[in-house]
Structure formats: structure tokens, C-alpha cells
Amino acid sequence: MDDEPRLLSSLYELLRDRDYHLVTATCGSEALAHLHRMQFDLVLLDLRLPDMSGHEIMDVINEEEFDCDVIVMSGDVGIEAAIGALKRGAYDYLRKPYSREELLKTVENALQKRRLAVDNQCIAQRLENSEKMYRYLVDSSPDIIYTLNHEGNFTFINDRAYQLLGFTRDELIGKHYSILVHDEDLERARYVFNERRVDERASRNVELRLKCKSATGGADRTFNNTLMTISLNAIGMHVPDGPESKQNKREFFGTYGVARDITDRKRAEEMISYQAYHDILTDLPNRMLFKDRLGLAVIQAKRKLTELAVMFIDLDRFKLVNDTLGHVKGDELLQQAAARLKECLRKGDTLARQGGDEFTIVLPELRDRNDAKVIAEKFLEALQKPFDLDGHVVHISASIGIAVYPTDGESIDELLRHADIAMYQVKALGKNGHSFYHNSMLDMSHQKIALEQALRRALENNELEMYYQPQVDVATGRIIGAEGLMRWNHPQRGLLSAGEFLPFAEENGLMLPLSDWMLGALCRDLLLWNQAGGDNIRLSLNLSPQYLDRGDFFEKMRGALTRYGISPAQIEVEITENICIRNPQYAIEQLNKLCQLGVSVAIDDFGTGYSSLAYLHRFPIHTIKIDQSFVKEIHDENGHYPVILAIISIARGLGLHLIAEGVETEVQARYLQANGCTTMQGYLYHRPIALTSFVGVLQAQNQAQNQGQNVPPAPPMIAVQA
């Protein structure tokens, strides 16, 4: 701005080649118009203008806060003009005439200062934004972030401390860190909170417990919420190296730390660890923890020269309850049984669940074997009381085997194995009892293993054979059926009856291959019967529950009958009453399939199992067999035997065929016949005989009939038992 055209033109020419955007004005009003319209960085101002002074223009610039610097160029020699310009914020004052270099230098310096000011402002703005972001991140952090001075007092702590611990920032700033640390962790905390190292040696993941305060300022919370477990990282903070540092060493002035809440993680770890060593259903120690405690007990017994006992418990009849009422009720039964067993233990004893319905117990520091006996009897007594499973009252018992250290073994595996062997001995003797291990049991166990191997070889070597016990119509003396009985021609022990090996086969998974063999053997024998004139005789298969449960039983039966060309009407399947309660609906489906095929169904040993008259209506039953245990009670043909009379009445009322088993005396036969049972089997008539002998009996009977003897026809019936 200058009112002299020559000066204004020369100034313009001087500056235009330096990459500036230049605007000129010759009076104050024109200058102010430009200032209002555009943004300027620098104003070169002459104080003497025709319409107003330069000082007045600077006053407008200051009043309206135009963001620009002002360099005053004036020919006034008085000091007041310069002072007035500087007071109004002029960057510099050049007195006319000024040199070219002086003007250019002043302009460049003014613009450089402005550029620096802009840069500083940007830096300050970025710093402010960075500080805001840092504050936001620190206060939003899920961790407690803090700084301590060299005395261990808090100089900063974020808001997370209040959220996790209940202490406000004002309550902690200036206070020593020890007000937060649990008393038992103070010694370890002293090293962490006073950390001076800054490299990889600095503290990492140190676990401490911090006190918690309720948000309302009340007392500390109780139980495991009282303390906050943290994983803490910390590094030392030091003054940078400088000449003022003592002995050229960095001076420690505090600690910066981050504390992460790992309470939930610790609880999860504890839960995982607990579940790894405990049974989830009963909350008892599992097999792994039991072995660990048994190992410690053995070490202690060895050191103190004392005895300890190991018990192996198997719940009797649990599988029946589980199959009948379902797995949910079975689990409830296990929980209740475990609670009762636990109540019988001494302090220091360990009860564990091995799996299924099996439990193990270690009894350390026995005075004598009688201590173990007393506890075993307590177990049996506790389990005798009925169990209530949501309205279902059930009874169970237990078989308990006991092994004593060091007599019965010195290692964990030996003690468990021998207690298990003793438990199986109790089961073999009728269950519901306890027994101490002795060496003879091990011999029996080895015999069982040998028996299993020999029975498998018997299938391969064709050592099995079917025997048949005829059934007789006592009114005519005619054989109308036969019950098939499996026999084993043992290479060393001779002929073994079914009762000597089939129960063992049931327990050891051999019933399926044995039943497969029996099905084929019976079909082959039937072909010989038919050739001997026995084609009017029916064959009944006494099925194992395991075989009926097998999904392909029906297909195997149909396939065998088709393969050998045997009529299904010759076959009757015998089932025990217990099959009916294992899985009633499935059993009904399987038996209905057989009836549709033409096979009939009989109930064997009626009245000895968990019988229900409802089963006689639900199941497709054609025949009832009176068990020999009832027949043996008949000693007087004029006596009164209500169970037998009831069974006969049921069969007559339902229109079912009736067979009495185990008839051995004339008195028994006459009583049964007098009361309406005319089909019998037993030693009074025939013992079980081999196939060739049975075929001979059939041929003799047919020959007698052909010779004109009066042998009226009778319902054909043969029962086969495996």
C-alpha cells in the first residue's frame, strides 16, 4: 500500500519474480476492501495515505483480527511513528529510503516466521489430538495402566482401576501402591512395582492379588471376589542421559505398569484343572486323581510301615435300572449312591468313580483288616435302603472286593487288579457282599481267561453239540416236542452242560457267535428230524437277551429257515420275562416280525422274573412254561400249590399252551395232569439226549403208530434252549 505510483510500481517489480501473489492499493479504503475480500500473509504498509493513516489501517486489522503480518515502510523520521507501528504489532519498521536487499530480507524473514508459526500450530494441534487419543485409549483400556514415582506412589492411574477395584483416581493418586496389594503378595509386589529395568529383563506376567472395594465405599467383598488377580508388566522410567546426570548415569524416577485382570481366566483354569481330575456326574475324584492319591498313600504306608486297603465296588442290578428307567434316572441313581458311599468314609479316605457303575476307594492307615470290613459292611447297609428316583422306588446292592497293602500287592496296578478280582468273586457267589482278595482267586481268574480262549476254540474246532430233552403228552405218552440244550465236548473235561459255560459267555460277549452257531445247528438237525418222520414237531429257540437285542436277528432267522428249507411253523422262540423289561417296545417289534413270518413265541420260566400280566397282552405269546422251581415244590398230589394253580388258570384263561418243566416224580405228574397241565418234560420221561438218540426215539414212535397203536395226534411242540 503506497500513494506514490512510482514507489508502488518499483516495489511490485522487485517482488513479482519471487513466486508471491501480489495485490496493490493506493489508498486506505482500497486496501481495506482487499483485506475484507482476500486472505493475506503479509502487508507492506505506508503510514501516509490520502484517506487515512497506516496506524488506522493497523487498528482495523487488529480489531477485525485479520490473520496477517505487517511491515511498515515510512519516510517519517520521528520516533513516534515507529513506536506506534510496533505497538500495533508490526513485524518490522523500514525507514525510506531502504535498500533493495534490506527489503527482500525483511520480507523473507517475515514469511519464514509465519511458516514456522503455522508449522508450530499444526504440531501443537497434532500433539493435542494425540494427547486426546492417548487419554481415550488409556481410559478405555481393559487393563489398569498406572505410573509410580520413585517412592512407589501413584502419579497416574486410568479409569479402569475404579471399574475393576472400586477405587477412584483421587483415592489413589499420591498413595502408595501397597494399599491395593493383598498382604500375602506384598513381598513379590515390592520387586514389581519398583521395577528399574527397561530391557527384556523387566518384569513380565507377574501374578498378584489386588484388593477390591465396593463402588459404594463399603467393606471388601468376601470369598473369591475379595481379591483381584492380575498379570502385571512393568518397566522403569529414567531421566535421559545428559551432563546434569550424576556420574553420567540415568536417574530412576518411577515405574510405568500395566495390570490385566485375569480373574476369569484363573477361574476357568481352576475349573478345567478340577474337571480333569474329577467325575462330572458325581463330583468324585476320577481314575487319574484316584491313582495319584493311592500312590501317595502307598508311599506313606511304606514309610510308616502301616497297611492300607483298596476297594473295588460294582453296583448290582444297576444295568437293569438303567435299561428299564433310562439313562437320566440311571445317572440320578449313581449320584445318590455316590453320596451314600461318601457318608460312610473316614476323614482321609478317598472315594472315586472308575466309570459306569464302578467305584474305587483307598483306606489309608488301617489298624487291621477289620477296619476295611467295617466300612464295607457300612456300604452294603447304606445301599440296602430304597432309592427314590422321582417316584420310581428301586433297590440295588453292591459287590465289593478288597485288597490290602502290602499283603495283596505293593504297586497301584496290583492292588486295583486284585481288588477287582475279589469283586468278581463276590458276583460269582451271588452278589451283595464283600470279600478280601487271596491268591486262589487269581488262579480262578486265570481259569476264566483260559475258559474264554477254549470256548472260542470250541467254535472253531466244532466241539459244540445240541442235545434234546423230549416233551411228552402225558395223556397218550406221545413225544410232542423236545427242548434243545447246548453241550460242549471239552477236550480235557469231557461233556459240559450249558450251565457250566453259557453264563460266562453272557458276561464276556460270546453269546452272539454261540447263538449264530446254534441257529445253524438246529436247522441242520431239523432236516434229520423231518427225514425221520418228525416233520410235525415244532422247534423253539430259547433266545439270549443279547441276541434278541441284536438288530439283524430277524434277518438271520429268516435267512437260515430259507437256506435249509424249513417251515417257520416248526419254530417257536422262547423268551424269558426279563427280556420284556429291557426294551419292551423293541422286543415287541422283533417278536411281531417273527409271528408275521409264522414263528410262534413262548415265555420260559414263567413267574421267576420281573413278570407282569400286562406283558401277556402286549407280547404275541402262544405258550407259557412252568418253571421247575415251582414243580419241585409238589410233594403231595392232594396238596395245594397256589402258584402252579394260578399259572395254569392264567394259561387257560388266555387260551395259551402250557408246558411244565423239571417233572421228576409220578406225584408231580399226577398233580399237574389233574389240574389241567398235560404237556411235561423232565427226567421222569427223558433225559437230554444226543441228536442220533433223539432221532431213534422219533423213529420208534412213528413205527409204533404205523403198527396200529392208538396214538392220537397232539399239538406239536419242541423247545430249544441255548
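Visitor: Why is Leu-210 called buried?

Guide: Its relative accessible area is 4%. Buried means under 20% (exposed is over 50%, partly exposed in between, using a 1.4 Å probe and protein chains only), so at 4% Leu-210 is buried. A quick caveat: this is a predicted model, where local features need pLDDT of at least 70 and side-chain atom pairs count only at pLDDT 80 or more, while totals for chains, interfaces and linings use all residues. Residues are numbered from 1 along each chain as its sequence is written, and side-chain values use heavy atoms, with hydrogens and water left out.

Visitor: Where does Leu-210 sit, and what separates its C-alpha atom from that of Asp-185?

Guide: Leu-210 belongs to strand S6, residues 206–211. Strands are DSSP runs of E with at least two residues, helices are runs of H or I with at least four, and both are numbered from the N terminus. Asp-185 is 25 residues away along the chain, and 8.7 Å separates the two C-alpha atoms.

Visitor: What makes Lys-329 count as buried?

Guide: Lys-329 has 18% relative accessibility, so it counts as buried. You'll find this lysine in helix H12, residues 327–343.

Visitor: Which residues does Lys-329 touch, leaving out those up to four places away in sequence?

Guide: Leu-389, Asp-390 and His-392. Contact here means heavy atoms within 4.5 Å.

Visitor: And over the protein chain, how many residues are there, and what share is buried?

Guide: Of 722 residues, 46% are buried. The chain has 26 helices and 26 strands. Among its contacts with a separation of 6 or more, 64% join residues 24 or more positions apart.

Visitor: What makes a set of residues a nonpolar core?

Guide: The members must be buried Ala, Val, Leu, Ile, Met, Phe, Trp, Tyr or Cys, joined through side-chain atoms within 4.5 Å. The largest such core here has 79 residues, and Trp-488, Trp-529, Met-557, Ile-626 and Leu-672 have the most contacts inside it. Helix H17 (residues 511–531) supplies the largest share of this core, 10 residues. A second core of 35 residues is separate, and its members include Leu-315, Phe-359, Ile-396 and Val-404.

Visitor: Which residues is Leu-672 in contact with, beyond its neighbours within four places in sequence?

Guide: Val-631, Ile-634, Ile-644, Ala-660, Val-663, Cys-677 and Met-680.

Visitor: How do the lining residues of the second largest pocket divide into nonpolar, polar and charged?

Guide: They come out as 18 nonpolar, 4 polar and 1 charged. Ala, Val, Leu, Ile, Met, Phe, Trp, Tyr, Cys and Pro count as nonpolar, Asp, Glu, Lys and Arg as charged, and the others, Gly among them, as polar.
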